Amino acid sequence: MTIAQVAVVGAGYMGGGIAQVLAMAGFQVTIADADATTTRHHLERLRREAVEFEEQGLFDPGSADLVAANLHAADSLEAAVADADYIEEAVLEVPEVKGPVLAAIEAAARPHAVIGSNTSTLPIGGLAANLQHAGRFLGVHFSNPAPFIPGVELIAHAGTDEAAVVAAEDLVARTGKLSARVSDRAGFVLNRLQYVLLKEAASLVEEGVASAEDVDIVVRTTFGYRLPFFGPFAIADMAGLDIYAAGFRTLAEHYGERLDPPAVLTELVAEGHYGVKQDGGFVIPAGDSAPLVAYRNRAYARLGQLLRELGPAPL
Ligand SMILES: NC(=O)c1ccc[n+]([C@@H]2O[C@H](COP(=O)([O-])OP(=O)(O)OC[C@H]3O[C@@H](n4cnc5c(N)ncnc54)[C@H](O)[C@@H]3O)[C@@H](O)[C@H]2O)c1
């Protein structure tokens, strides 16, 4: 199925940004918020913001015209979704709010329309209970701020049709963003990792290991500096899986079994897979690592240039 008409229900922070992204990608986008007046205010805000972002060089030339031409406001949820091939739900992260909204979307949508939820953490299978034909429903989780963050999680629940996932994949690809398929577990990948990081960071502060300001400095200037380019598996492969196994043994000794070496790491090391330095690892296969090292060095040096150009964040 080719998606041409899109509706976004809930045009606040996330829904508004998602609507801009889709309008700039050439989709005809209709937004609906809690009432017609709020929706019109959001439309004006999104059009104004697109002009400002283009003037600041943050959006490509022509983007504001695309938003002006392709983004529309409907007077009701029903009117917004009536002609849509794809509908993104982005109302509050409250099951009691999302449930009736999803049911109303389905009741007014065309039978073939795919419905995605931007929920950050709620299991998709639970939300799917609000729909009669839940095969068309999945999580399509854009990240904040949607116009600038390039990744989208796609979360099928047990009953999602493969065709719905493929349609959502195609939609995301047409925005220039990158999607990843993720299973339906609370928090998915993004927020499960992000929340664990914040929880551990808070523990460090509570234990007096470092101040919140110093934890932030360590994160963004050390391992966080690598993350725009490499995920945790590639980073471990480059560092050496034998090193990681030894590190986990020390951490487990001091923090208990929650930081035991993961079984998959222990197995790889036992088989002689030490990452880049020997036989490949989690995601980097064995082979010539010179191009990867050159890319890494270029990436980190260029990131340093960008940070010096931008200066420190005005916290
Ligand atoms: N803010 C983030 O960082 C972030 C990141 C990723 C995902 N999300 C998820 O995106 C969703 C929206 O979050 P947000 O930050 O944009 O919230 P928000 O409060 O900015 O926007 C929610 C919008 O939904 C509207 N709304 C409420 N009830 C409605 C109804 N019955 N019909 C139509 N519209 C209705 C509100 O008026 C508001 O404009 C949530 O599920 C949230 O978890 C948020």
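**Note on the predicted model: contacts, sheet and ligand shell**

1. In the protein, 62% of the contacts with a separation of 6 or more link residues 24 or more positions apart, two residues being in contact if their C-beta atoms, placed from the backbone, lie within 7 Å. This is a predicted model, in which local features need pLDDT of at least 70 and side-chain atom pairs count only at pLDDT 80 or more, while totals for chains, interfaces and linings use all residues. Residues are numbered from 1 along each chain as its sequence is written.

2. The protein has 13 helices and 8 strands, taken as DSSP runs numbered from the N terminus (helices H or I, at least four residues; strands E, at least two).

3. Strand 1 (residues 5-9) and strand 4 (residues 86-89) run parallel and are joined by 4 bridges, with valine 6 opposite tyrosine 86 in strand 4.

4. Of the 23 residues around the ligand, those that come nearest are Gly10, Gly12, Met14, Glu93 and Asn144; a residue counts as near if its C-beta atom, placed from the backbone, lies within 6 Å of the molecule. Helix 1 (13-24) and helix 5 (95-108) each supply at least two residues of this shell, and the largest share, 3 residues, comes from helix 1.

Note on methods:
Pairing = 2+ DSSP bridges.
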